[in-house]
Amino acid sequence: MAILVTGGAGYIGSVTVELLRAKGESVVVLDDLARGHREALDADIPFYQGKAGDRELVARITKEHQIESCIHFAALTFVGESVEKPAMYFENNVEQGMALFGTLERAGVRRVVLSSTAAVYGDPERVPIVEQSRQWPTNPYGWSKLILERLLDSYDTAYGMKFVALRYFNAAGATEHHGEHHDPELHLIPNVLAAAAGDKPGISVFGDKYPTPDGTAIRDYVHVADLADAHIRALDHLRGGGASDYLNLGTGQGYSVLEVIETARKVTGRAIPILKEAPRPGDPARLVADGARAKTVLGWAPTASDLPTIIRSAWEWRLRHRRGYEPRSK
Ligand SMILES: NC(=O)c1ccc[n+]([C@@H]2O[C@H](COP(=O)([O-])OP(=O)(O)OC[C@H]3O[C@@H](n4cnc5c(N)ncnc54)[C@H](O)[C@@H]3O)[C@@H](O)[C@H]2O)c1
């Protein structure tokens, strides 16, 4: 029996695959490599390059590898791109997700862990955000995830398909073997570290007049290894007959953009110039999770998600992988 990990060649997927294998789990990865890296997967991991929504391929994988559950990371993830190209996002994230779940259901695979996101809440009415908070995304990316959550809820009612939708806040950090390499890179911490390394002239700070103590936006950063651990716990929860659920993955501790930059200066010992920019439309001032439910349901408690640990791990990975993942043949 094996676990199908879609999007396993991506950032959070590759770390989860690493931790699953360290626990002795059998894993099969399906990724179209549109945004992932073959080099992020050990050569001995069964790997299929293809679309999560390829019904024929998924049916074959589930049979050949006796798939018992699925962790579904595969998605396009850039908010701005989703606003410009909604059709691409709904096709890739929703249509393909729907094809995947339908194929799994027909094959008798009735356990799914879904990568969801804090973007399902849109602009929150109150912070910290609890799972019952209003869900009204402000972009097609967020909607694509919310639609998949609703779809799984209906499949649970009708077909007994059990799921845990994990709504991550900001993933960050690295393990010894796997780190963050997006192209383009839009996340704050890797960009701050690129500036620290001298690969960028500085770090853009979008807006400094938010109603926060230092005027810059506050986000809830979670170490990617803590996220991966939550997926393993969610699988165990479902294997143990646990009910379907929606869980925030955040620490409840927010850090401002300036706090991230200051911590990165301390960790790296490098100067990081700040480039002041106008605020981006639709960027909320403060996004922080109430993570109590994940603790109650999964016993999940982040252990590596304090800011210095996150930044140190990402910096060490960056020092070893100056240009991110590179093809093995080089
Ligand atoms: N990084 C974050 O901070 C964050 C926050 C909230 C939610 N998420 C969600 O977590 C998941 C993983 O995020 P990430 O940062 O690791 O992204 P990523 O881009 O590094 O990984 C996604 C992977 O999925 C693959 N993929 C995309 N569409 C596919 C398809 N249709 N079929 C097969 N493979 C496909 C890509 O090639 C890539 O390897 C995504 O679903 C994302 O929406 C991420």
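**Pocket, cavity and helix contact**

The lining of the second largest pocket divides into 8 nonpolar, 6 polar and 8 charged residues. The model is predicted: local features need pLDDT of at least 70, side-chain atom pairs need 80 or more, and totals for chains, interfaces and linings use all residues. Numbering runs from 1 along each chain as its sequence is written, and side-chain values use heavy atoms, without hydrogens or water.

**Exercise 1.** State which element gives the most to the lining of the second largest pocket.

*Solution.* 
1. The pocket (an open set on a 1 Å grid, with protein on both sides within 12 Å along at least five of seven lines) holds about 380 Å³.
2. Its 22 lining residues (an atom within 4 Å of a point) include Glu180, His181, Glu185, Pro190 and Arg318, which lie nearest the centre.
3. α6 and α10 (307-320) each give two or more residues.
4. α6 gives the most, 5 residues.

**Exercise 2.** Describe how α6 and α8 pack.

*Solution.* 
1. α6 (188-196) and α8 (257-268), DSSP runs of H or I with at least four residues, pack at about 45°, axes 10 Å apart.
2. Leu188, Ile189, Val192, Leu193 and Ala196 in α6 meet Val257, Val260, Ile261, Ala264 and Thr268 in α8 (heavy atoms within 4.5 Å).
3. The contact residues divide into 9 nonpolar, 1 polar and no charged.

**Exercise 3.** Characterise the largest cavity.

*Solution.* 
1. The search finds 1 cavity of 30 Å³ or more (a 1.4 Å probe fits but cannot get out).
2. The largest cavity holds about 40 Å³.
3. Its lining divides into 4 nonpolar, 6 polar and 1 charged. Among the lining residues are Arg35, His37, His181 and Tyr325.

Conventions
Axes are lines fitted to C-alpha atoms, for helices over the stretch in contact, and angles run from 0 to 180 degrees between N-to-C directions. Ala, Val, Leu, Ile, Met, Phe, Trp, Tyr, Cys and Pro count as nonpolar, Asp, Glu, Lys and Arg as charged, and the others, Gly among them, as polar. Grid points are joined across faces, edges and corners, and a volume is the space filled by probe spheres set on the points.
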